[in-house]
Amino acid sequence: TTQCVCAVGTFFADPEAGICRDCPKGSYCPTIGAMDPTPCPATFSTEGSRKTTELECVCDGQSISTDGTRDMGYFDAKFLQLAMQTDGSDLVSLRTGGQCQACPLGMFCRGGLDVMFRVHDYPLQFGSEVFPLLGAADETRASIVAHCQGSQTLTSDGEEAVNDACFKDYCATRVEDPLCLPTFPDLE
């Protein structure tokens, strides 16, 4: 007989029947044949289901509930503090072990991962702010444009700028990319 196994990002919901289910939001399944989802660390969640690594555990961003109540989102304060203290050479390793905190008053938090750049010694900046400054031959720019080409998220304003949705989408499939980092509070 052939034994079925669940793919990475899924787990055995019923091992005897061989039924696999997607790893639910707030957890990840890093191995083939996982018996149970691994929950994200306390206060963290994932941006959807079927996640495969702890690096996909992030702080939730701003949301609006069905009754119109607005939640300003959360950010990883420990990551932000550590990122500002380093030279930026290995920020991916700092992405685990933090804690999500409520967004400060007067600001909003996008949550999740986004393309983040360190420009010279300047603190991290959102990719959407730095993108227009990158030269046409820049490898990162070319990779992001190639990812977004033909997508609704690639704007056509004559400057070939890429909007926030494209950057978040780019990072959703590249969680280990050193440019894909937890977002921080931004002015409303």
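Student: Which order do the three strands of the open sheet have, and is the pairing parallel or antiparallel?

Tutor: In general, strands of a sheet pair through backbone hydrogen bonds, in either sense. Here the order is 11-10-12, with antiparallel pairing; two strands pair if DSSP finds at least two bridges between them. Strands (E, at least two residues) and helices (H or I, at least four) are DSSP runs, numbered from the N terminus. Keep in mind that this is a predicted model: local features need pLDDT of at least 70, side-chain atom pairs count only at pLDDT 80 or more, and totals for chains, interfaces and linings use all residues. Residues are numbered from 1 along each chain as its sequence is written, and side-chain values use heavy atoms, with hydrogens and water left out.

Student: Which strands stand at the edges?

Tutor: Strand 11 and strand 12: each has a single partner strand, so one side of each lacks a neighbour in the sheet. Strand 10 and strand 11 pair over three bridges, and F117 stands opposite Q125 in strand 11.

Student: Now helix 1. Which of its residues are buried?

Tutor: The general idea first: an α-helix has 3.6 residues a turn, so residues three or four places apart point the same way. In helix 1 (residues 77-85), the buried ones are A77, F79, L80 and A83; buried means under 20% relative accessible area (1.4 Å probe, protein chains only). They cover an arc of only 160° around the axis, which puts them on the same side of helix 1; the arc is that of the directions from the helix axis to the C-beta atoms.

Student: What covers those buried residues?

Tutor: The cover includes strand 7 (74-76), strand 8 (100-102), strand 10 (113-118), strand 11 (124-126) and strand 12 (180-182), with contact meaning heavy atoms within 4.5 Å.

Notes
Buried < 20%, exposed > 50% of the residue type's maximum accessible area, 1.4 Å probe, protein only.
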